[in-house]
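Please look over the sequence and the structure below before reading on.

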Amino acid sequence: ARDGVTLTVTSGWRSEAVQVAIWNSHGCNSRNCSGIVARPCSMGGNGSNHNQGNAVDISGVRGSAAYNWMSRNGGRYRLYNRLDARDPFHWSRTGG
C-alpha cells in the first residue's frame, strides 16, 4: 500500500479436486490447453504448489503495477514467478 499498489490474492490453497477441475475447465489434455495453466503441475496428482499450500495467485498480468511490484519485491517474501509468460499470476517459494 505504501507503494500505491494493491495486491489481490485470487487463489491460494486448493484441494486436488479443485486443481483437476481447473485443469479440465481449460480444456487441457496431455498436449494442449486453451487457457493459462501451468504445466505439468496443474494436472493434479497433488503436484501443484497450490495443493501443498506453497503458492498464491495474485491478480495482475505481466506489466501491471501488481506484477511489476511482485517482480521487484516478491523475493523479500520468498515469492517468485518463473512461469511469467505462461502463468503471470502464480507466485510460490520455488517460482514454479
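Which residues of helix H2 (residues 65-73) are buried?

## Basis of the report

This is a predicted model, in which local features need pLDDT of at least 70, side-chain atom pairs count only at pLDDT 80 or more, and totals for chains, interfaces and linings use all residues. Residues are numbered from 1 along each chain as its sequence is written, and side-chain values use heavy atoms, with hydrogens and water left out.

## One face of helix H2

The buried residues of H2 are Ala 66, Tyr 67, Trp 69, Met 70 and Asn 73. Buried means under 20% relative accessible area, while exposed means over 50% and partly exposed lies in between (1.4 Å probe, protein chains only). Helices (H or I, at least four residues) and strands (E, at least two) are DSSP runs, numbered from the N terminus.

Viewed down the axis of H2, the buried residues lie within an arc of 165 degrees, so they line one face of the helix. The arc is taken from the directions from the helix axis to the C-beta atoms. An α-helix has 3.6 residues a turn, so residues three or four places apart point the same way. The cover over the buried residues of H2 includes strand E2 (55-58) and strand E3 (90-92).

## Two buried loop residues

His 50 belongs to the loop between helix H1 (16-25) and E2. His 50 counts as buried because its relative accessibility is 2%. Contact means heavy atoms within 4.5 Å. Leaving aside neighbours within four places in sequence, the contacts of His 50 include Trp 13, Val 56 and His 90.

Gly 60 lies in the loop between E2 and H2. With a relative accessible area of 16%, Gly 60 is also buried. Beyond its neighbours within four places in sequence, Gly 60 touches Ala 66, Tyr 67, Pro 88 and Phe 89.

## Aromatic rings

How many aromatic pairs does a search of the whole structure find? There are two. Rings of Phe, Tyr and Trp (its six-membered ring) pair if their centres lie within 6.5 Å; planes under 30 degrees apart count as stacked, over 60 as edge-to-face and the rest as tilted.

Tyr 67 and Trp 91 form a tilted pair, 5.8 Å centre to centre with 55 degrees between the planes. This pair links distant parts of the chain, as Tyr 67 in helix H2 and Trp 91 in strand E3 are 24 residues apart. Both Tyr 67 and Trp 91 are buried. Trp 69 and Tyr 77 form a stacked pair, at 6.3 Å centre to centre and 25 degrees between the planes.
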